[in-house]
Amino acid sequence: MHGALRWMSLAAASSMALIGCASGPSGSSNPMTFFVTSVGPGKGGDLGGLAGADAHCQTLATAAGAGAREWRAYLSTQSPMWNQPGAVDARDRIGKGPWRNAKGVVIARDLDELHSAANNITKDTALDERGNSVNGRTDKPNKHDILTGSRPDGTAFAGRPNPDMTCGNWTKGGKDGSAMTGHHDRGSAVVTSWGTSWNSSHPTVGCDMESIRSTGGEGLFYCFAVK
């Protein structure tokens with residue numbers, strides 16, 4: 001009897017060890033460290049600031065089985081004035097990489113590659129947290145305008161008197177203001193470097209959902225796991 005119990009205990013311990021090895025250091029077998037949000041908070045450019053956007057990333061990642069990691073939204077903010085400190089660069093918020101989508105495909109190995117022509121962000125790889133494709137320019141409805149508030153190198157725009165490029169640092173959800181977007185599908189009616197940029201293509205015409213949708217967006221943004 002005691003021998004049988006001892007054997008059962010050893011078997012259970014072995015099974016737990018195998019599960020631990022399969023799950024990896026994060027405690028999850030989900031390889032994902034990058035995704036496009038499947039939905040936004042629903043208030044247009046009002047994401048509740050950077051903290052609210054980060055929390056949204058964390059909530060979606062948790063529901064997808066990748067909540068053991070720390071998630072950050074790829075968003076920049078602007079300083080009050082062009083010559084004042086206080087801006088936050090999106091590239092400084094997301095760790096050092098590498099980053100993989102929900103299917104384990106590497107989209108960039110590090111920050112330099114992410115912000116170069118060598119990155120692997122396309123409609124086929126810029127998946128949501130469930131591993132689903134996000135509608136592009138030729139789909140209906142078009143959702144390819146992804147909020148970033150960033151320049152091509154992942155840094156912030158200057159503050160006033162320059163235009164608002166972050167919907168009031170992600171607190172505005174009305175007609176006032178605008179936000180820079182990128183095209184996750186790299187699609188554009190004009191084949192230019194800015195038209196096909198994943199993170200800095202063109203601004204919205206307002207911060208409410210109606211305005212964001214009018215140019216091909218749904219208030220979605222990128223989420224990256226910090227390592």
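Colleague: How far apart are the sulfur atoms of Cys57 and Cys223?
Modeller: This is a predicted model. A disulfide needs cysteine sulfur atoms within 2.5 Å. Cys57 and Cys223 form such a bond. Their sulfur atoms are apart by 2.0 Å.

Colleague: Which hand does the disulfide of Cys57 and Cys223 have?
Modeller: Look at the torsion about the S-S bond of Cys57 and Cys223, about -80 degrees. That value sets the hand, so the disulfide is left-handed.

Colleague: How many residues apart in sequence are the parts that Cys57 and Cys223 tie together?
Modeller: Cys57 lies in helix H2, residues 49-63. Cys223 lies in strand E8, residues 217-226. The pair therefore ties together parts whose separation in sequence is 166 residues.

Colleague: Are Cys57 and Cys223 buried or exposed?
Modeller: Buried means under 20% relative accessible area, and exposed means over 50%. Both Cys57 and Cys223 fall in one class: buried.

Colleague: Which cysteine does a disulfide join to Cys167?
Modeller: The S to S distance in this link is 2.2 Å. With -105 degrees about the S-S bond, the link is left-handed. Both of its cysteines are buried. The partner of Cys167 is Cys207.

Colleague: Where do Cys167 and Cys207 lie, and how many residues apart in sequence are the parts they tie together?
Modeller: Cys167 is in helix H4, residues 167-170. Cys207 is in the loop between strand E7 (202-203) and helix H5 (209-214). So the pair ties together parts with a sequence separation of 40 residues.

Colleague: What pattern do the disulfides of the chain follow?
Modeller: The structure holds two disulfides. Count the bonded cysteines along the chain. The pattern is 1-4, 2-3.

Colleague: What is the N to O distance in the salt bridge of Arg72 and Glu70?
Modeller: Side chains of opposite charge can pair when their charged atoms come close. Arg72 is partly exposed, at 24% relative accessible area. Glu70 is also partly exposed, at 41%. Their side chains meet with an N to O distance of 3.0 Å.

Colleague: In the salt bridge of Asp112 and Arg91, which residue counts as buried?
Modeller: The N to O distance of this pair is 3.9 Å. Asp112 sits in helix H3 (residues 111-114), and Arg91 in the loop between strand E2 (70-73) and strand E3 (99-100), 21 residues apart. Asp112 is exposed, with a relative accessible area of 57%. At 19% relative accessibility, the buried one is Arg91.

Colleague: How many residues apart are Lys123 and Asp139?
Modeller: Their side chains meet in a salt bridge, 2.4 Å from N to O. Both residues are in the loop between H3 and strand E5 (145-147), yet the pair links distant parts of the chain. Lys123 is partly exposed at 28%, and Asp139 is partly exposed at 22%. The separation is 16 residues.

Colleague: Which residues are linked with Lys175 in a network of salt bridges?
Modeller: A search of the whole structure finds nine salt bridges. Lys175 belongs to a network of them.

Colleague: What volume does the largest pocket have?
Modeller: Its lining has two nonpolar, seven polar and three charged residues. Among the lining residues are Pro80, Pro163, Arg160, Asp164 and Lys172. The volume of the largest pocket is about 210 Å³.

Technical notes
Residues numbered from 1 in each chain as written. Predicted model: local features only at pLDDT ≥ 70, side-chain atom pairs only at ≥ 80, totals over all residues. Heavy atoms only, no water. 1 Å grid on protein atoms, 1.4 Å probe; cavity = no way out; pocket = protein on both sides within 12 Å on 5 of 7 lines; lining within 4 Å. Points joined across faces, edges and corners; volume = space filled by probe spheres on them. Nonpolar A, V, L, I, M, F, W, Y, C, P; charged D, E, K, R; others polar. Helix = DSSP H or I, 4+ residues; strand = E, 2+ residues; numbered from the N terminus. Buried < 20%, exposed > 50% of the residue type's maximum accessible area, 1.4 Å probe, protein only. Salt bridge = Lys/Arg side-chain N within 4 Å of Asp/Glu carboxyl O.
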